[in-house]
Amino acid sequence: MATLKETLYKKIQEHRPRTTRLVKEHGDVKISDVTIAQAIGGARGVKCLVTDISYLDPFEGIRFRGKTIPETFEALPKVPGREYPFVEGFWWMLLTGEVPTEEQTMEVVEDWKIRSQVPEYVFDLLRTMPRDTHPMTMFSAAIVSMQRESIFAQKYEEGMSKMDYWDPMYEDCSNLMAKLPTIAAYIYRIKYKGDTPIAPNKDLDWGGNFAHMMGQDKPYDDVARMYFILHSDHESGNVSAHATHLVASALSDAYYSLSAGINGLAGPLHGLANQEVLRWTQDFMDKMGGKVPTEKELEQALWDTLNSGQVIPGYGHAVLRKTDPRYTSQMEFCQSHLPDYPLFKLVNMIYKVAPKVLQEHGKAKNPWPNVDAQSGVIQWYYGITEYDFYTVLFGVGRALGVLANITWDRALGYAIERPKSVTTDMLEEAAGVKQKAASS
Ligand code: CMX
């Protein structure tokens, strides 16, 4: 049986001529123009990134390697007796574009176990940080602290052919993936659970082991698998994916790059929105003083947020123009596992009211919920009520996508990223405003 690394290498060899040909023979073909609004407005919609790992259609939502979320869950080998698939098999699919067999999946399961030992100095570092440090800061610091382990950095220093970059990048990414659950669970247990870390159980798969180290019983193992797969990738332009890709493009190794991506994910307009959703919901419930709100009261609270110049967390998206299928997938999980949970009912009420309010407000191009609107409810239900930890969970999942991407970036020799900037004077000249001002 070919290993993941051998299968990946075969795919890389098949793919390389396609990229080379596109650049050499068709490099002048235009795929995008840039307007002034896009240059000032965060490059929204500018097509200038290439990835085959996932694609985001504004109306359909995400496809991982061509598969929708339900298709992905359906296709991948399931953990025996459980509802959701092995995350390890999903990693195989992200990297190779192929659905692995059970045997291939188990190869990754075993490989990650071998790679999973976290260096002791990472735990020491986390222990020296003040306990009120945000868990995302701890997570990012833990990741970058392991940079000394980078095989890519070591091989680069020794002198390595460009054609071989993907190999140590794959090694670093696999090593990181194997260790992230232990680091995340360790942060959770020392920060919120009276400094009681739980040792890994090597009999368990990656998702199951994470649940175990968090101190969570079944079905939290399935929650973890579902959550990590759903949050893994959202094509390349979102802040965490783009930051990871950008930093890696300078040939910074996976430790530097992932840490940068995690720092981007920590922003409230991106991954931190999942904690903000819970904060907003809890504040609202506190204001209601235990009373079940009416739709009218909820509507007023949403308007109060908008009128005070703040965003409604968990709603809107830079690309999507419909309800995020990652939201829908989590909603379906709630419907079958926690249908009568009051917080789930409230989130459903927000889903009923918020789009209408946002449409009336008239600013957000997409009034529908994104992935972050629902995810905290599930965590809260299973006892993870420390909502500032939620973005770390997002980060563990997001690592799957961004690390698969930078492995391919190096395989295909993507260049150091360096878009061109212009000045405001130049924009005014392009718009004809400056000349007008000068001649009037
Ligand atoms: N509440 C209030 N206003 C919103 C809004 C929301 N949920 N979503 C967008 N808007 C506003 C924007 O702030 C912007 O206002 P200004 O013109 O004053 O700058 C206007 O509507 C137009 O924005 P847009 O083009 O619709 O959205 P962007 O592509 O600029 O931003 C996003 C996308 C996600 C940052 C934005 O919708 C937002 O801030 N949402 C709330 C935070 C959130 O849920 N983020 C998580 C996204 C998913 C993730 O990455 O994890």
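What volume does the largest cavity have? The largest cavity has a volume of about 150 Å³, and the legends below begin with the views of the cavities. Everything shown belongs to a predicted model, in which local features need pLDDT of at least 70 and side-chain atom pairs count only at pLDDT 80 or more, while totals for chains, interfaces and linings use all residues. Residues are numbered from 1 along each chain as its sequence is written, and side-chain values use heavy atoms, with hydrogens and water left out.

View 1. The structure holds three cavities of 30 Å³ or more. A cavity is a set of points, on a 1 Å grid over the protein atoms alone, where a 1.4 Å probe fits but cannot get out, and its lining residues have an atom within 4 Å of a point. Grid points are joined across faces, edges and corners, and a volume is the space filled by probe spheres set on the points. The largest cavity is lined by 17 residues, of which K113, S116, A178, W206 and N209 lie nearest its centre. Helices α5 (102-115), α9 (166-192) and α10 (206-214) each supply at least two residues of this lining, and α10 gives the most, with four residues. Helices here are DSSP runs (H or I, at least four residues), numbered from the N terminus. By class, the lining has nine nonpolar, four polar and four charged residues, where Ala, Val, Leu, Ile, Met, Phe, Trp, Tyr, Cys and Pro count as nonpolar, Asp, Glu, Lys and Arg as charged, and the others, Gly among them, as polar.

**View 2. The second largest cavity.** This cavity has a volume of about 90 Å³, and the residues lining it include V277, W280, T281, L302 and I312. Helices α14 (273-288) and α17 (342-361) each supply at least two residues of its lining, with α14 giving the most, three residues. By class, the lining of the second largest cavity has nine nonpolar, one polar and no charged residues.

**View 3. The surroundings of the ligand.** The ligand is surrounded by 21 residues, of which H270, G314, K363, K365 and D372 are the closest; a residue is near a molecule if one of its heavy atoms lies within 4 Å of it. By class, this shell has eleven nonpolar, six polar and four charged residues. An oxygen atom of the ligand is 2.9 Å from an N or O atom in the side chain of R44, while a backbone N or O atom of K365 lies 2.6 Å from an oxygen atom of the ligand. A polar side-chain atom of D372 also lies 2.6 Å from an oxygen atom of the ligand. Taken alone, the ligand exposes 880 Å², and the protein buries 76% of that, with accessible areas coming from the Shrake-Rupley method with a 1.4 Å probe.

**View 4. Backbone details in two loops.** Most residues other than glycine have a negative phi, and most peptide bonds are trans. The peptide bond from K218 to P219 is cis, with omega near 5°, and P219 is found in the loop between α10 and α11 (220-230). D195, although not a glycine, has a positive phi of about 60°, and its place is in the loop between α9 and α10.

Methods. Polar contact = N/O pair within 3.5 Å; in protein donor to acceptor, adjacent residues only side chain to side chain. 1 Å grid on protein atoms, 1.4 Å probe; cavity = no way out; pocket = protein on both sides within 12 Å on 5 of 7 lines; lining within 4 Å.
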